[in-house]
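Please open the model in a viewer and keep the sequence panel at hand.

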Amino acid sequence: MTFDVVGKPLQRVDAVTKVTGRAIYADDMLPARTLHCRILRSPHPHARIVSIDTSAARRLPGVLAIITGADLPIKFGILPVTQDERALEHEKVRYVGDPIAAIAATEEEIAAAACDAISVEYEILDPVMSIEEALEAPKDERIQDYGGPHNIHKLVALEFGDVEGGFARADHVREDIFFFQGNTHLPMEQHSAIATYVDGRVTLWSSTQVVHYVHRALSKVLELPMNRIRVIGAAHGGGFGGKTDPFAHEIIVSKLAMLTGRPVKCTLTREEVFYAHRGRHPVLMWVRTGVTREGLITAMHFRTALDGGAYGSYGVASTFYTGALQTVTYDIPAYRFEGCRVFTNKPPCGPKRGHGTPQPRFALELHLEKISHDLGIDPVDLKRRNFVKPMTRTVNWLRVTSCGLDECTEKVMSASGYARRSRRPGHGMGFAISSYLSGAGTAIYWNDMPHSEVQVKVDRGGVTAYCGAMDIGQGSDSVLATIVAEELGLQPADVRLVTADTDTTPIDLGSYSSRVTFMAGNAAIEAARKMRALLVEAVAAKQGCEVSAIRVGGGRIGDASFEQASELAETRFGGLTTTGSYTPPKIAGPFKGSGVGPSPAYSYSACVVDLDADARTGLVQVNKIWIAHDVGRAINPLLVQGQVEGSVYMGLGEALMEEQAFRKGLHKWPSMLDYKSPTFLDMPEVETFIVETVDPEGPYGAKEAGQGPLLPVPPAVCAAIYDALGVWIDEVPATPEKIVEALRRKTKGEPARFGPARFPTVPYPPTIKVEPPPKNLDHASASSI
Amino acid sequence: MKQEMLRDVERVVLTLDVNGERTELLVPVHKTLLEVLREDMGLTGTKHGCELGECGTCTVLVDGKPELSCLLLPIQLEHRAITTVEGLASGSELHPLQQAFAELGAAQCGYCTPGILLSAKSLLETNARPSRDEIREALAGNLCRCTGYTKILEAIELAAGRMA
C-alpha cells in the first residue's frame, strides 16, 4: 500500500493556531455579562453536614445566585453501576475538597467573599485514609452506602485455566509484593467550563475529554432532554485522563446559567485541580508465579488492592484493569486474578494514562526480573521466551492480533547496548515491556451503537469532516484530516474540521482508552471512501470510462481537478454527504467482567533505561531512555513520536518523583511547586523507534500511540537501580530516601529491598472459574482479514 | 449596595506598552498583569497554570526579559515594553521560533507554548546559539506535561540555526 499523506511527518493542522496564541481554551472565553462562579468545598475529609446557612452570602452585593445540594439532588457518575456523585453535597462530605455550595457573582472576588460568608455546621466523622483501615470495620460509619463489607467498593475473583495444576508443574515458584503510589495528571490547564442558557437550551463549553458523557450527565442531573443541551469541547490544555469524568463544576455552571439567564464560568484553581483528581490509583499488589527451569511461566496468581478515594468514578473498570492485561504480553497458561477497590476519604481516583495497568505492569516486570535472577537466566531472555504470539487468544479470552514485541525488544536492545553494558559503580540499565489497548472494546454504558461516527461533506470544492472526537493535544484532529485527505487525494490542510460539538457533529465517545485514531480513524476511512466513490463515479461518467480507470491523488480525480469533480458529483447526485462509523468486534469472553480488557488491537512497547545512582545520597540521574513502540502504522510519525516521548516523560515522573499523598486527611502538596514533576533539567535524551506491524483491523493498520509507552518506564527504572546498586525498590516513586534505606538494610544484612512488607487480608469472594477459549476461536475471522 | 462595593476597589489609570502598542486602561490596582492582559485587553494568548508563580505558563517579556505575569502588577510596568505571544509574529509571518515549534510538533495541547516561546525568545536574544544544556537551564521554570520537552529543545535549536 502506498500513501500520499499517511505516514508523512506533517505539521499538525492546529499548529499555527497554537503557536500564535489564537486557540481559544474554555477560560479564554468571556462573553458580555459573564458571571463568575466559585465553589465552597469541604475542609474536612469525612463529615455529616448538619446545616448550611447561605443567608449572609446572599446579602452580598454582586451575588446573583447561590446553589447547594438541594438544588442538584440527582446523582451521577461516569459508570452506570456507580452513580454516587452529586454536583454539590448537602448530606455528607467524603474528602477535603468535596463541593458543597456554588455562587454566581459579577466579580470573582465577590464570589470568593460569598464562599467565605457561607456557614456550614459539620458533624465530624472518623476519616479512613488507607487500604488497611478501609478493610476494617469503620469507627463511625462507612464512606459510601454500597459495595462490599466495611469500606470495600468492589471485589473480583476470576480464574482461567488450571492454576493449581500449573503451580504443581512449576520447577520454581516465587512471590513478591509491590506498591505503586498514586499520582495525578497535572494538566497545564486547570479545568474550566462556561455555560449559557438561551431559549430554553443549555450550551456548555468545557475543557473535557468526553463531550458525550458530559452531555449525558447534564441531561440526567438537570432533567433536560439531550436535545436541549449542547456540549462543545473548547481547545484543550491537557487531560491525560483527568478530564474524562463528568465534573461537578460543569453541572454547576449549567444550573447557574439556567437560574440567572447569564453566561456563568468556573475555572478551577490549581489547588482545586488536585481535588478534582481522578488520577492514578495507589495499588498494593501481590504476585505469585510458577516457572519451569527454562523460565517458561506455568501459572500466575495476581492480587491487587486499590485505594479508590471517596467515589466510584471509573473504579470498577480500574479494578478489572489491574488484572486484565498481564496475559497480553506473556503467554500465561493458567491465571488467577483477585482484585479489590476500597473507598477512602481522599479525592476519587480514576483513569490516568494507562488506566489501571501501569501499576500491575510495574509489579509484573520486576517480579519476572527477580525470577530470572533466581534461575540465573538473563531477564531479557526470560521475558522473550514468554512473549505472546500474534493472532492468538490469551487464557482470559483477550484477542491478540498484531504483536511487535520481538521487534520492539530487538530495537532497544541493539541501540542501547544493554547486553554489553559497562559495570562501573553506580551505573545500571534496566529493561521492561508493556502493552495497551487501542480503545476499549465495550462502551461505558451498555449499547450496541457505533463508538465513533464521521460525516464528510463536499460542496463547491470544499471538504469538511465532522466528528465528535475531542483533540486533547494528542492530534486527533490532524489524524482525521490526514485520513480524509488521503482518501480524497488532498492535503490535510485542505480539509476543514468540525469536532467535539454535540449539536453539529456525530458521536464519538471521547478521548480515553487510546481509542480515537483507531475508531474515529476507521469511521473516517469509511465516510471518505464513500465520498471518493461518488466523486469517481461522476468523473468516470463525464470521461466515459470505467470507475476503475479513475486515479485519485495530487488534488485530482481522473482528469478533473478536485473542484471540478465536486461540481460534477454535486450536479449528478445533489448534496454530497457521506457517513462512516465504527463498532468494535464482539470479542469479549463469556464471563462476568469480561467487558474490561478486550480491545480491537493492542500496542506493544519495549524500553531500556540507563542511569547512574549515587549510593550515598540515593539520587538517580537518568542518562538516556530507548523506547520502541509498535503502533501498527504511524499515520503521522511526528505526532506518534510526540506521544511516545510524552509518555516516557510522564512514566519517568511517576517512577522517580510524582505522588499524590495525604497527611491527616489533607493533600500533602496541592501545588505545582510542591508536587514534583520533571522539568527540562530532569528529562534525559529519549531515542524513539516506531515499529509498524500493520494491524489487520486498525485504520491503515494503525494502533494506539499515546499511553502504552508510559508503562515500561517505571519498572525499567527500578530494574536499572537494581543493576546499579543491588537493591530492589519495589514501590514507586523510587525516591532517594527509599534507595538509601534499601542500601542501609543491605549493609545490615537484611533483605536488600524497599517495599511493602505484607499484603493485607482481603475478603475476596469465591473464585469464578472460567474455561480458557477454544484453540481455533478466531481462526475463521483471522483468515478473512 | 453594588456601587458602594465597587467604590471600595481602588482603580488606577495607566498606560501600558504591549506589543509596541500603547493602551490607556482603567483597572483595579490589585489586578495582576496576567488578569489585565486577558480580561481587560483581550490578549488571551497568555495562559495561566497556577497563578502562584510555579509553572511558567504565564511568562511574558518585560523589556525583553521573561517575567511571570501572574506575579506582576501593571502599575509597576508603565513605560516598560511588554511582549506577549500575540506580539511574536510580524504581520502574518511567524517568528522563526513559532515556525519551528509548528514544524516539529513542539506544541501538543499548546497551553504552555506561549510562555515557552517567550522564554526561548529571550534566551536567543542573549545567546544566539545556546547549547542544549543552556536551553534546559533557561527553560527550567516552564513546565510542559505533553511533550517530554524533547521536541521543544529540537525546535529551539532549529530556530536558532535559522536565525543565526
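Two residues are said to be in contact if their C-beta atoms, placed from the backbone, lie within 7 Å. By this criterion, 13 residues of domain 1 of chain A are in contact with 14 residues of domain 3 of chain A. The coordinates are those of a predicted model, and the predictor gives the complex an ipTM of 0.97 and a pTM of 0.97.

**Stop 1: the domains of chain A**

Colour chain A by its domain assignment: domain 1 (35-125 + 188-238 + 243-276), domain 2 (283-442 + 590-768) and domain 3 (449-582). The C-alpha centres of domain 1 and domain 3 of chain A lie 38 Å apart. Next, select α6 (211-222) and β11 (229-233) of chain A, the elements that give two or more residues to the side of domain 1 that touches domain 3. By class, this side of domain 1 of chain A has 5 nonpolar, 7 polar and 1 charged residues.

**Stop 2: chain A as a whole**

Show chain A in cartoon form; it has 20 helices and 34 strands. Along the principal axes, the C-alpha atoms of chain A fill a box of roughly 85 × 75 × 50 Å. The radius of gyration of chain A is 27 Å, which agrees with the value near 28 Å that a compact globule of 785 residues would have. Of the 785 residues in chain A, 63% are buried. Among contacts in chain A with a separation of 6 or more, 80% are accounted for by residues 24 or more positions apart.

**Stop 3: the largest nonpolar core**

Which residues touch the most other members of the largest nonpolar core? Select C37(A), V484(A) and I721(A), which hold that position among its 299 residues. The largest share of this core, 14 residues, comes from helix α15 (residues 516-543) of chain A. In soluble globular proteins, nonpolar side chains tend to be buried together.

Centre the view on I721(A) and display its surroundings. Leaving aside neighbours within four places in sequence, I721(A) is in contact with G428(A), A613(A), V620(A), V727(A), I729(A), A734(A) and I739(A).

**Stop 4: where chain A meets chain B**

Display both chains. Here 43 residues of chain A are in contact with 42 residues of chain B. Select α1 (15-19) and α17 (637-656) of chain A, each of which supplies at least two residues of the side of chain A that touches chain B. The largest share of that side, 7 residues, comes from α17(A). By class, the side of chain A that touches chain B has 22 nonpolar, 14 polar and 7 charged residues.

**Stop 5: the domains of chain B**

Notes. Residues numbered from 1 in each chain as written. Chains lettered and ligands numbered in written order. Predicted model: local features only at pLDDT ≥ 70, side-chain atom pairs only at ≥ 80, totals over all residues. Domains from an automatic or database assignment. Helix = DSSP H or I, 4+ residues; strand = E, 2+ residues; numbered from the N terminus. Nonpolar A, V, L, I, M, F, W, Y, C, P; charged D, E, K, R; others polar. Core = buried A, V, L, I, M, F, W, Y, C linked by C-beta atoms within 7 Å. Buried ≥ 20, exposed ≤ 12 C-beta atoms within 10 Å, placed from the backbone. Rg over C-alpha atoms; globule rule 2.2 N^0.38 Å.
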